[in-house]
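The following exercises concern one protein model. Please work through each task before reading its solution.

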Amino acid sequence: MRRMMPDTKPYAPACDRNRDPILAVLRERFAGCSRVLEIGSGTGQHAVHFAAAMPHLAWQTSERPEALPGLRMWLDEAALPNTPPPLALDVAAPWPGLAPVDAVFSANTLHIMSWPEVQALFARLPAVLAPPGVLVVYGPFRIGGRFTSDSNAAFDAALKDGAPHRGLRDFEAVSALAAQAGLEEAARIEMPANNFCGVWRLAAG
């Protein structure tokens, strides 16, 4: 759950808890990349943390239009040279024009989107992702059709109670969408608090 800081800048406590384990994955997986598109940047906390730690990357944030003001607060305060202005991006709507990127990152988004929105996201990846073509997605998943913990099962139930189109996705189903977009699964990394980082790369040839 997000809370508002006194200056009204949005703040998600979970970002502070998970940012360093995610950064350890990104340092390795994005080492050969130069431009990243983050889909669903949320508050912007991840963006400023990762961009500061990996100055070789141009970190392009994006969010739905209504979330952009808070995201800009984090970017403006950090004033990093490698975080261009955020893009307004709704995965289910036409995407804005942007230069090809060699990496895409998204955290805690797939269980918030509807399944058709998840499908739309992956279907659009071939148009924006250029070699070496790395995709990293962080969040909770079902593995082999099962929840990995009781807390994840309860989280899924709470999501669906609030909005029936939401819920934890089957990792294998997500990986199948990636394959349809020309991406091969490279790693499935267990993370703290029953989360995973899925890593995919553009298929050779």
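**Exercise 1.** Is His49 buried or exposed?

*Solution.* The model is predicted, so to speak of local features a pLDDT of at least 70 is required, and side-chain atom pairs count only at pLDDT 80 or more, whereas totals for chains, interfaces and linings use all residues. Residues are numbered from 1 along each chain as its sequence is written, and side-chain values use heavy atoms, without hydrogens and water. His49 has a relative accessible area of 18% and is therefore buried (buried means under 20% relative accessible area, exposed over 50%, partly exposed in between, with a 1.4 Å probe and protein chains only). The residue belongs to helix H2 (helices are DSSP runs of H or I with at least four residues, strands runs of E with at least two, numbered from the N terminus). Leaving aside residues up to four places away in sequence, His49 touches Arg19, Asp20 and Leu23 (contact means heavy atoms within 4.5 Å).

**Exercise 2.** Determine the strand order of the open sheet and identify its edges.

*Solution.* The open sheet has six strands in the order E4-E3-E7-E8-E12-E11, with mixed pairing (two strands pair if DSSP finds at least two bridges between them). Strand E4 (58-60) and E11 each have a single partner strand, so they stand at the edges, and one side of each has no neighbour in the sheet. From one strand to the next, the twist averages 20° (axes are lines fitted to C-alpha atoms, for helices over the stretch in contact, and angles run from 0 to 180 degrees between N-to-C directions).

Met191 stands opposite Asn195 in E12.

**Exercise 3.** Which residues touch the most other members of the largest nonpolar core?

*Solution.* Among the 29 residues of this core, they are Leu26, Phe30, Phe50, Trp59, Phe105 and Val136 (a nonpolar core is a set of buried Ala, Val, Leu, Ile, Met, Phe, Trp, Tyr and Cys residues joined through side-chain atoms within 4.5 Å). Elements supplying at least two residues each include helix H1 (13-29), helix H2 (45-53) and strand E8 (129-139). Apart from this core lies another, of 26 residues, including Val101 and Phe171.
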